[in-house]
Amino acid sequence: MPAANATRTMTGGEAMAEMLRLHETGPMFGMGGFQLLPFYDACRRLGLKHYLINDERCGAFAADAYARVTNRPGVADGTLGPGATNLATGMAEAFNAGMPMICITGDTNREFSWKNMTQEARQLEVLKPLAKEIIRIEVMKRIPEAFRRAFAVANSGRPGPVVIDVPEDIAHGSFDFDVTDFWVDPGTLKAQARRTRPDADGITAAAALLSRAERPLILAGGGVHISEAYGALLDLAEAEGIPVAHTMSGKGAIACTHPLSAGLFGRYDRIANAMIAESDCLLVVGCKLGEIATKRFSLFNAGTPLIHLDVSAEEIGRTTRADVALVGDARCGLADLRAALDGGAARRKTWAGSVPGRMDAWRESAREKLEATERPINIGRLMGELNRVLPADAVLVADGGFAGHWGGLLFDTKQAGRGFVADRGFASIGYGVPGGIGAQLGVGAGRRVVSMTGDGGFNMSLGDLETARRVGAPIVVCVFNNAASGYVKALQHAVYGPGAYQSSDLVEMDYAAIANAMGCKGIRVEDPEQLADALRAGLANTATPTVLDIIVTRDPARMLPAADNRTLKVEKGDRPV
């Protein structure tokens with residue numbers, strides 16, 4: 001232990017880096033500027049992993065994906081002005097999805113603030129709605145306290161981003177710090193920190209509803225991943241004979257290949273929506289029940305009892321009536337429910353046992369897509385090959401737009417865990433490449449990461465293919481090359497009819513050639529029979545990132561995973577796809 005009253009002279013930037021070291025921070029992503037130079041220099045001297053990103057938005061996306069696969073806060077930084085405001089979109093993703101993140105922003109020297117300083121903006125007013133908390137450091141000696149607070153807030157309750165705003169004179173100035181101030185709370189290093197249990201009366205009421213139910217169904221959201229509630233969920237489902245459906249964010253709550261997995265529910269589904277209609281009790285776990293999961297709030301039968309377990313009390317009843325509200329951590333709540341029930345699997349054998357047969361019938365209906373031989377390539381065929389080729393511990397990252405929809409519906413996780421990462425909090429496109437970087441650095445070199453993105457999303461983040469190469473993240477990027485902003489074009493087709501397209505076409509690019517020119521491996525795939533070999537070649541290449549430039553259907557009537565727009569008619573204002 002340091003001696004009482006021992007001091008250590010440090011710059012503010014050094015103190016910041018030291019606190020991140022003590023919090024066992026993983027890779028950080030940012031683009032430097034003058035305000036944060038002492039912090040960058042301290043990261044260098046301490047050996048912290050800080051990586052230059054080519055766009056701060058992508059840095060926040062990478063930090064978000066890192067958080068998803070580790071439950072540890074991703075860290076991104078931005079310098080004064082555009083650096084800080086460029087973080088906004090990635091922060092919104094993390095905020096809406098409940099991902100822990102620490103965003104460090106440089107700010108003006110306080111002596112000259114609001115005197116037309118270069119790049120000065122009301123950046124904290126921009127970021128405030130997108131953060132759980134804004135912490136502006138006004139007193140240098142409180143830097144250690146500020147960082148402890150940031151990690152506690154980011155990881156507790158419903159996780160989310162916290163902004164630490166650092167004026168230039170704080171980062172560059174020096175102070176004699178009390179060395180005893182440099183400590184961390186090990187309980188706040190990752191989510192879920194500060195676990196809470198639902199109240200006992202609520203558990204009793206929920207158990208009573210479930211015990212009477214003949215056809216209960218669990219609806220699992222992304223909160224299962226944040227809580228790492230996999231064991232508790234599986235124990236309850238198997239002991240009680242309750243099938244489990246999931247949201248896009250909740251995919252992997254149990255393995256998609258488990259006989260109790262009912263797959264995706266909501267706007268896109270396999271068998272789950274029909275089972276929701278048949279169910280006589282729904283248990284919702286770690287899910288906000290938003291527009292996609294509820295088919296724009298139309299999915300549930302008002303007469304079906306619903307139990308909602310969520311760490312955020314304010315989410316319960318926000319979109320859907322709940323008969324029993326259980327406020328607390330998903331893992332604790334599921335364990336308490338399991339203890340309060342006596343095991344109903346035997347009497348629900350027919351209900352639970354119907355799932356594999358239903359799923360087999362669905363797979364047969366999806367065979368046309370999963371095994372499609374058409375050219376240009378049907379994206380469903382890519383999903384079928386990914387299911388066959390990817391190792392069980394691989395991670396599939398899906399960009400916004402229909403990459404997430406195709407993956408959410410057709411990709412199978414083979415084990416419980418965050419094997420599918422989709423930016424469903426904000427559903428911004430451009431996530432595929434930086435999300436792949438963050439996920440790869442999070443899971444480590446021993447596991448493979450594949451990203452899916454459209455050509456529009458790839459165009460947004462193409463520069464960070466260089467980042468992936470530089471930081472040693474040998475991701476495999478599957479680019480859906482349809483020379484269009486495909487989801488928008490498909491929607492225009494559905495709403496306005498054939499040929500009524502506006503600002504949704506792109507010039508077709510040779511992304512394989514671009515990847516090769518950037519020192520990566522590029523493979524152009526035009527024949528569906530080449531997909532499996534191309535994927536295997538990408539997975540075998542661990543020296544550089546690999547880009548699979550996949551020429552997919554140009555027909556906007558065939559771009560969506562669960563609808564054929566050749567016959568679908570959509571009224572203006574409706575959105576069933």
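**An open parallel sheet and its helices**

Six strands make up an open sheet, ordered 11-10-9-12-13-14, with parallel pairing. The model is predicted: local features need pLDDT of at least 70, side-chain atom pairs count only at pLDDT 80 or more, and totals for chains, interfaces and linings use all residues. Residues are numbered from 1 along each chain as its sequence is written, and side-chain values use heavy atoms, with hydrogens and water left out. Strands (E, at least two residues) and helices (H or I, at least four) are DSSP runs numbered from the N terminus, and two strands pair if DSSP finds at least two bridges between them.

At the edges of the sheet lie strand 11 (261-264) and strand 14 (324-327), each pairing on one side only. From one strand to the next the twist averages 15°; angles run from 0 to 180 degrees between N-to-C directions, and axes are lines fitted to C-alpha atoms, for helices over the stretch in contact. Strand 10 (residues 244-246) pairs with strand 11 in the parallel sense over 3 bridges, and A245 has G263 of strand 11 as its bridge partner.

Helix 9 (residues 200-212) packs on this sheet, touching strand 9 (216-220), strand 12 (281-285), strand 13 (306-310) and strand 14, where contact means heavy atoms within 4.5 Å. The direction of helix 9 makes about 130° with that of strand 14. Helix 11 (residues 230-240) lies across strands 9, 10 and 12, at about 165° to strand 9.

Helix 1 (residues 12-22) is mostly covered, with 9 of its 11 residues buried, that is, under 20% relative accessible area with a 1.4 Å probe, protein chains only. Among them are G12, E14 and L20. Just after helix 1, E24 takes a positive phi of about 55°.

Definitions and conventions:
Buried < 20%, exposed > 50% of the residue type's maximum accessible area, 1.4 Å probe, protein only.
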